Structures are given as C-alpha cells and as structure tokens.
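Below is a short note on one protein model, written for a colleague who will check it against the coordinates. Please read the points with the structure open.

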Amino acid sequence: QEQLVESGGGLVQPGGSLRLSCVVSGFSLDHYAISWFRQAPGKEREGVACINTRDTYTNYVDDVQGRFTISRDTAKNTVYLQMDSLKPEDTGVYYCAAELGMYYLCDYDGMEYWGKGTLVTVSS
C-alpha cells in the first residue's frame, strides 16, 4: 500500500524552527515529485513547497519563501520541510503528497498519494 507519513509537527514559538519529515513507503520516491501542503484552521488547503523528481527544481509559496526549505533523500525515502522563522500564520496541518513524473518541474495539482498530516502550531 502506498503511504506517506508525516512527522515532526508540534508546538513552537514564533521565530522558532521545525523540520517536518515525510517518509514514503509502497512506491518509489525516485519517480515522484513531492509537494507539501498546509491547511490553517478555517481556511482552504494550500500548496507550500514542492520538489521535482530529479531534485533540480523547487517551488515555494510567497509566504514561506526564504524561510522554508524542501529537500529529499531518496536513499531514505524521505522528504523534508525545514521551517525557520515560523510565524503564527504558519499554523496548520501540514500534508505531503506525491505526484508521478514531474521530472523538470513540480506543482500542486494531480497528487496521487497523500499523507494524513502533522499539526504545526506556532504560538507563544
């Protein structure tokens, strides 16, 4: 069964950092782009960051540009989202999702497999 399992969420103060992990099983990460999404309370889910299959392209939503870094370690079947300088507006459930192909770019459409999310709360 294809699975993505997020971890690393928790409560952090504004200005703090968290590193989220997305561990993939049941399919080959080396053929899938990975995107991170988040859903804040009362808001729609939005794409946050993505990384293409070949690890040659990343994309970030403007709100997190310069603060978040997405990376992948195919040997560990894991994708990371390093989140620095966190703000209360970053609060939400963070999901990772996989899309087949996407060797040149990545996006937030057509995700085939989804994790169940990890909660990030940024509050003092």
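1. Basis. This is a predicted model, in which local features need pLDDT of at least 70 and side-chain atom pairs count only at pLDDT 80 or more, while totals for chains, interfaces and linings use all residues. Residues are numbered from 1 along each chain as its sequence is written, and side-chain values use heavy atoms, with hydrogens and water left out.

2. Fold. The protein chain has 11 strands and zero helices (DSSP runs, E of at least two residues for strands, H or I of at least four for helices, numbered from the N terminus). The C-alpha trace spans about 40 × 25 × 25 Å along its principal axes.

3. Burial. Of the 124 residues, 44% count as buried (under 20% relative accessible area; exposed is over 50%, partly exposed in between, with a 1.4 Å probe and protein chains only).

4. Aromatic pairs. The count is five (ring centres of Phe, Tyr and Trp, the latter by its six-membered ring, within 6.5 Å; planes under 30 degrees apart are stacked, over 60 edge-to-face, the rest tilted). Phenylalanine 27 and tyrosine 32 have centres 4.7 Å apart and planes at 65°, so this pair is edge-to-face. Both residues are buried. Phe27, Tyr32 and Tyr113 form one aromatic cluster.

5. A pair across the sequence. Phenylalanine 37 and tyrosine 108 are also paired edge-to-face, at 5.7 Å centre to centre and 80° between the planes. Phenylalanine 37 belongs to strand β4 (residues 32-39), and tyrosine 108 to the loop between β9 (92-100) and β10 (113-114), 71 residues apart. Phenylalanine 37 is buried at 4% relative accessible area, whereas tyrosine 108 is partly exposed at 24%.

6. Charges over rings. The charged end of arginine 45 sits over the ring of tryptophan 114, 4.0 Å from its centre (NZ of Lys or CZ of Arg within 6 Å of the ring centre and within 35 degrees of the ring normal). Arginine 54 has its charged end over the ring of tyrosine 104, 4.9 Å from the centre.

7. Threonine 78. This residue lies in strand β8 (residues 78-83) and is buried, with a relative accessible area of 6%. Its side chain reaches the backbone oxygen of lysine 76 at 2.7 Å.

Methods
Polar contact = N/O pair within 3.5 Å; in protein donor to acceptor, adjacent residues only side chain to side chain.
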